[in-house]
Amino acid sequence: MELENLASNKVAGGWHKQYSHQSNTVNCSMRFAIFLPPQANDNYRVPVMYWLSGLTCTDENFMQKAGAFKLAAELGIAIVAPDTSPRGDGVADDENGAYDLGLGAGFYVNATQAPWQQHYQMYDYIVHELPELIEANFPVNQQRVISGHSMGGHGALTIALRNPQRYQSVTAFAPISNPMNCPWGQKAFSAYLGDDQTSWQQYDASVLMAKAAAESQQLPTLVSQGDGDSFLVEQLKPESLVAAAEQHGYPLTVEMCEGYDHSYYFISSFIEQHLRFHAEHLTEV
């Protein structure tokens, strides 16, 4: 698959590069960014952290604001940040231009409902097409970890819970932990998946964690949540995730961070902790 290099910047001894490609999964041109640490070369392949961003974000938010490159370079971990939705002419969007549905709000699901299903296949894009593309074109190995923020935290948790064999660990910042029971999730799932809520369960981390624990498919999991987050009570509901983990013995650590909000100030304050957490579970770091 042909990649178009849009930008290249040397940083922390490695390289940040931005690419576009034609996606067969979401049926449009997609953009992603990759940080390659200085250890990565034709003779040495490095593990990858996949980062999933939140509502309204693109591949640029994390790469420009998180401050992750220096430690990722030290640890020898590549970082891949995809876009948060399909984009372009002909891609469906909310008719009222809402920020929480349509462009920038793919929710990392495979849509089944019109008009979304033609392009909004973000689950398959993240789980299958993107890593296959990365592993075929860059000096990385098949050691993968996954992380994300808010909507992307929801995506990271649900993808890891459904595919424990593909990842060594998972972390999330302020994830939408129980989307079936919050306004963001209910709006998106109704549009993308329809009214049958049994189909929603495959994209709800609190539901999936209980199932995964029962089936002994467990990954080391870290969640950081600011107690000053304005979305905490109505949208994020980490207590649902904690209850599922405690009831079923899932290896989940949830850290409440005093005073922190939902912004990249929060993420940049704890990203090094998350990178070190992942490094502990990567066999080739």
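The charged end of Arg162 sits over the ring of Tyr203 at 5.1 Å from its centre, where a charge sits over a ring if NZ of Lys or CZ of Arg is within 6 Å of the ring centre and within 35 degrees of the ring normal. The charged end of Arg162 also sits over the ring of Tyr123, 4.2 Å from the centre of that ring. The model is predicted, so that local features need pLDDT of at least 70 and side-chain atom pairs count only at pLDDT 80 or more, whereas totals for chains, interfaces and linings use all residues. Residues are numbered from 1 along each chain as its sequence is written, and side-chain values use heavy atoms, with hydrogens and water left out.

An open sheet of 9 strands is present, with mixed pairing and the order S1-S2-S3-S5-S4-S6-S7-S8-S9. Its edge strands, each pairing on one side only, are S1 (3-11) and S9. On average, neighbouring strands of this sheet are turned by 20 degrees against each other, direction ignored. Helices (H or I, at least four residues) and strands (E, at least two) are DSSP runs, numbered from the N terminus, and two strands pair if DSSP finds at least two bridges between them. Strands S4 (residues 46-52) and S5 (residues 78-82) run parallel and are joined by 3 bridges; the bridge partner of Met49 in S5 is Ile79. Helix H4 (residues 151-162) packs on the sheet and touches S4, S6, S7 and S8, its direction making about 135 degrees with that of S6. Helix H8 (residues 238-248) also packs on the sheet, touching S8 and S9, and its direction makes about 150 degrees with that of S9. Axes are lines fitted to C-alpha atoms, for helices over the stretch in contact, and angles run from 0 to 180 degrees between N-to-C directions.

Strand S8 (residues 221-226) is largely enclosed by the rest of the structure, because 6 of its 6 residues are buried (under 20% relative accessible area, with a 1.4 Å probe and protein chains only). In a regular strand the side chains alternate between the two faces of the sheet. Accordingly, Thr221, Val223 and Gln225 point one way from S8, and Leu222, Ser224 and Gly226 the other way. S8 pairs in the parallel sense with S7 (residues 170-173) over 4 bridges, and 6 bridges join S8 to the parallel strand S9 (residues 252-257). Ser224 in S8 stands opposite Phe173 and has Glu255 as its bridge partner in S9.

A search of the whole structure finds 18 aromatic pairs, defined for rings of Phe, Tyr and Trp (its six-membered ring) with centres within 6.5 Å; planes under 30 degrees apart count as stacked, over 60 as edge-to-face and the rest as tilted. The pair of Tyr120 and Tyr192 is stacked, because the ring centres are 5.4 Å apart and the planes lie at 20 degrees. This pair links distant parts of the chain, 72 residues apart: Tyr120 is in the loop between S5 and H3, and Tyr192 in helix H5 (residues 183-193). Both Tyr120 and Tyr192 are buried. One aromatic cluster is formed by Trp51, Phe62, Phe173, Tyr260, Phe266 and Phe270.

Phe138, in the loop between helix H3 (122-137) and strand S6 (140-149), counts as buried at 7% relative accessibility. Leaving aside neighbours within four places in sequence, Phe138 is in contact (heavy atoms within 4.5 Å) with Leu3, Tyr19, Phe32, Ile34, Leu36 and Arg45.

How values were computed:
Buried means under 20% relative accessible area, exposed over 50%, partly exposed in between (1.4 Å probe, protein chains only).
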